[in-house]
Amino acid sequence: MSIEARLQELGIVLPEAAAPVASYVPVVVHGGFAHVSGQLPFVDGKLVTGRLGEDVSLEAGIDAARACGLMILAQLKAALVPLDKVERVVKLGGFVNSTPDFTDQPKVINGASDLMVAVFGEKGRHARAAVGVPALPLGAAVEVDAIVAIAD
């Protein structure tokens, strides 16, 4: 089954790829890998802001991380990387805007991780970091970046 068919089967419509908010490019393809810059969570076209452990619930954080994962896929497509050419999601880096006493960062980033497995199957299983931070760009609740192996 093609990845496009899999997305349809899952009822997933990818968002429009977001423009960079500073001096960087969203995706760099080099040496068989696509390096995707950190993506912010947009749900219904609106940036999810706030801090986990303060004004964002765990469930909303998981949804925000999933939205970051969707944006990673959208950025790959926008960079003309066919999703069927993904050989492996190698690594996700997850950053959670959270209070010092919030310790469920891994659960939050599961929103992006579980999406990759749902879309790519075993090729979606990856290494990962899930880190709590005191602030993220534009006040975002979550940010996720990716390294993806792609076929020639």
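The crossing of helices α2 and α3 is right-handed, a term used when the near helix is turned clockwise from the far one by less than a right angle. The model is predicted, so that local features need pLDDT of at least 70 and side-chain atom pairs count only at pLDDT 80 or more, while totals for chains, interfaces and linings use all residues. Residues are numbered from 1 along each chain as its sequence is written, and side-chain values use heavy atoms, with hydrogens and water left out.

The axes of α2 (residues 58–78) and α3 (residues 105–120) come within 7 Å and cross at roughly 45°. This angle makes α2 oblique to α3, the word for angles that are not under 35 degrees (roughly parallel), over 145 (roughly antiparallel) or 65 to 115 (roughly perpendicular). Where the helices meet, with contact taken as heavy atoms within 4.5 Å, α2 contributes residues including Leu58, Ile62, Ala65 and Leu73, and α3 contributes residues including Val108, Ala112, Leu115 and Phe120. By class, this contact has 13 nonpolar, three polar and two charged residues.

After α2 comes Leu80, whose phi is positive, near 65°.

Strand β5 (residues 86–97) pairs with two other strands, pairing being assigned if DSSP finds at least two bridges. Nine bridges join β5 to β7 (residues 142–150) in the antiparallel sense, with Leu92 opposite Ala146, whereas seven bridges join β5 to β6 (residues 127–133) in the parallel sense, with Gly94 opposite Ala130.

Technical notes. Axes are lines fitted to C-alpha atoms, for helices over the stretch in contact, and angles run from 0 to 180 degrees between N-to-C directions. Helices (H or I, at least four residues) and strands (E, at least two) are DSSP runs, numbered from the N terminus. Ala, Val, Leu, Ile, Met, Phe, Trp, Tyr, Cys and Pro count as nonpolar, Asp, Glu, Lys and Arg as charged, and the others, Gly among them, as polar.
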